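Dear colleague,

Please read the notes with the coordinates open.

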Amino acid sequence: MNRGGVPIARIAGIRISADWSVLLIGALLAWGVAGGAVPGQVPGTPIWLAWIVGIIAALLLIASLIAHELGHALLARRQGIAVDGIRLWLFGGIAQMSGDWVSGKTEMLVAAIGPAITLVLSGAFVASSWLLVQISAPPLVIVVTEWLAAVNLALLVFNLIPAFPLDGGRMLRGFLWTRTKNRMTATIAASRAGRFFAVVVVGLGVLDLFFLDPIGGLWLILIGWFLDSAARGEATGEQARHALEGVVVGDVMSKNPVIVPSWITVELLVEQYVMGHQFTSFPTHSIDGRIDGLVTMRGIKQVPPQQRGNRRAIDIAIPADRVPVARQDEPITELLKRIGTASDGRAMVYDGGTLVGIISPSDVARLFQGGPGKGAARVAA
Ligand SMILES: [Zn+2]
């Protein structure tokens, strides 16, 4: 899931944003109420009124989803896990966290709070439906509360299925992790459960598609497909995390980078430095010896050959303040969180005030391929 989306609110310091696909799901939900529940239970309702009721119901359901996700986000933050925000999209909501789980118990707690909130909401909607019937409230109001109770209950059941990465699956992994003290095997097991469930959902979707309800079937197939790729992604991510455990920046970096004067022309840079070196990026220094930028091959290639004589290295360098800085003894996993596209996937490694190495995407890729290098040796150990 990429970050971003359109910001819609900020609650208790948590940024809530929405994908455009939320409009689609909101419209489908409103349509379900306006074209299904309302005419079914209150026949003769004018279509415009049915749609108003449908839209209100859809908005209240989205608010229920936000409450569920806020539970995850706020509890995670209280447990010291970095939370980026809440994202609403095609399949509901996601609390995005960049911080890592500190323990299985924490994961269990943070996973359980969402369904707990949905349970409370379902209970509240069931109780209000009953109360509204007792006081003979307008039937359209009752339709909305009953629908919200039903959908929240369905979401509760779905979320509790022990299939990674659903909440139930997260609770399962947290539980297995706590019991076996092995996060890796716990993740693999929870991810298998997730993939099994995904196959079941796709199977049901196919049956639905041919025999019952084509749109519902297509929807189930989509959900199953999403669950399968998410479960696979979690397992792969865990294997990568495991592989990188204990690896520090100094193991991975390309040592002794070639530092070039920032005032030389690109032409000179290519002739004197790029040819004959295996490096794909070159730090630049100013006249006073300060490191002021980083030239990458991508930057060099963007300069047409006929302009190389009158453009200088510093003109095409990424400014030094946009390149993340690391220490040699820093865990590589920490650095990877900071490396972004602004620096073309690169970081500069300092020992005290001296530049001693560069991390480039190929250094990181080598780690995963188990190729030559000290870092790879440590991965295998
Ligand atoms: Zn949840």
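His68 and Asp167 are both buried. This is a predicted model, and these two residues belong to its zinc site: the protein donors of the zinc ion are His68 (NE2), His72 (NE2), Asp167 (OD) and Asp167 (OD), at 1.9 to 2.7 Å from the ion. The arrangement is irregular because the four donor atoms subtend angles of 54 to 149 degrees around the zinc ion, while a tetrahedral call would need all angles between 85 and 135 degrees. Along the sequence, the spacing of the donor residues reads H-x3-H-x94-D. His68 sits in helix α2 and Asp167 in helix α5 (residues 167-180), so the pair ties together parts that are 99 residues apart in sequence.

Helix α2 also contributes to a pocket. The second largest pocket has a volume of about 300 Å³. Its lining takes two or more residues from each of β1 (6-11), α1 (21-41) and α2 (47-78). The largest share, six residues, is from α2. In total 17 residues line this pocket, and those nearest its centre are Val22, Leu23, Gly26, Leu59 and Ile62. Sorted by class, the lining consists of 15 nonpolar residues, one polar and one charged.

On the helices themselves, α2 has 32 residues and spans 46 Å from first C-alpha to last, close to the 46 Å expected at 1.5 Å a residue. Helix α3 (residues 104-134) has 31 residues; its first and last C-alpha atoms are 45 Å apart, close to the 45 Å expected at 1.5 Å a residue. Just after α3 comes Ser136, with a positive phi of about 55 degrees.

Two further residues deserve a look for their backbone angles. Ala12, in the loop between β1 and β2 (14-18), has a phi near 50 degrees, which is positive in a residue other than glycine. Its relative accessible area is 46%, so Ala12 counts as partly exposed. Lys181 lies in the loop between α5 and α6 and has a positive phi of about 60 degrees, although Lys181 is not a glycine. With a relative accessible area of 70%, Lys181 is exposed.

There is also a cis peptide bond to check. The bond joins Phe164 and Pro165, and omega is about 0 degrees. Pro165 is placed in the loop between α4 (139-160) and α5.

Last, a glycine in a helix. Gly194 is part of helix α6 (residues 183-212). Is Gly194 buried or exposed? Its relative accessibility is 1%, so Gly194 counts as buried, the cut-off being under 20%. Gly194 and Gly168 are separated by 26 residues in sequence, and their C-alpha atoms are 9.8 Å apart in space.

Regards

How values were computed:
Residues are numbered from 1 along each chain as its sequence is written. This is a predicted model: local features need pLDDT of at least 70, side-chain atom pairs count only at pLDDT 80 or more; totals for chains, interfaces and linings use all residues. Side-chain values use heavy atoms; hydrogens and water are left out. On a 1 Å grid over the protein atoms alone, a cavity is a set of points where a 1.4 Å probe fits but cannot get out, and a pocket is an open set with protein on both sides within 12 Å along at least five of seven lines; lining residues have an atom within 4 Å of a point. Grid points are joined across faces, edges and corners, and a volume is the space filled by probe spheres set on the points. Helices (H or I, at least four residues) and strands (E, at least two) are DSSP runs, numbered from the N terminus. Ala, Val, Leu, Ile, Met, Phe, Trp, Tyr, Cys and Pro count as nonpolar, Asp, Glu, Lys and Arg as charged, and the others, Gly among them, as polar. Donors are N, O and S atoms within 2.8 Å of the metal (3.2 Å for Na, K and Ca); water is not among the atoms, so sites may look incomplete. Four donors count as tetrahedral if all angles lie between 85 and 135 degrees; four count as square planar and six as octahedral if opposite donors are over 155 degrees apart and all others between 65 and 115; anything else is irregular. Buried means under 20% relative accessible area, exposed over 50%, partly exposed in between (1.4 Å probe, protein chains only). The expected span of a helix is 1.5 Å times one less than its number of residues.
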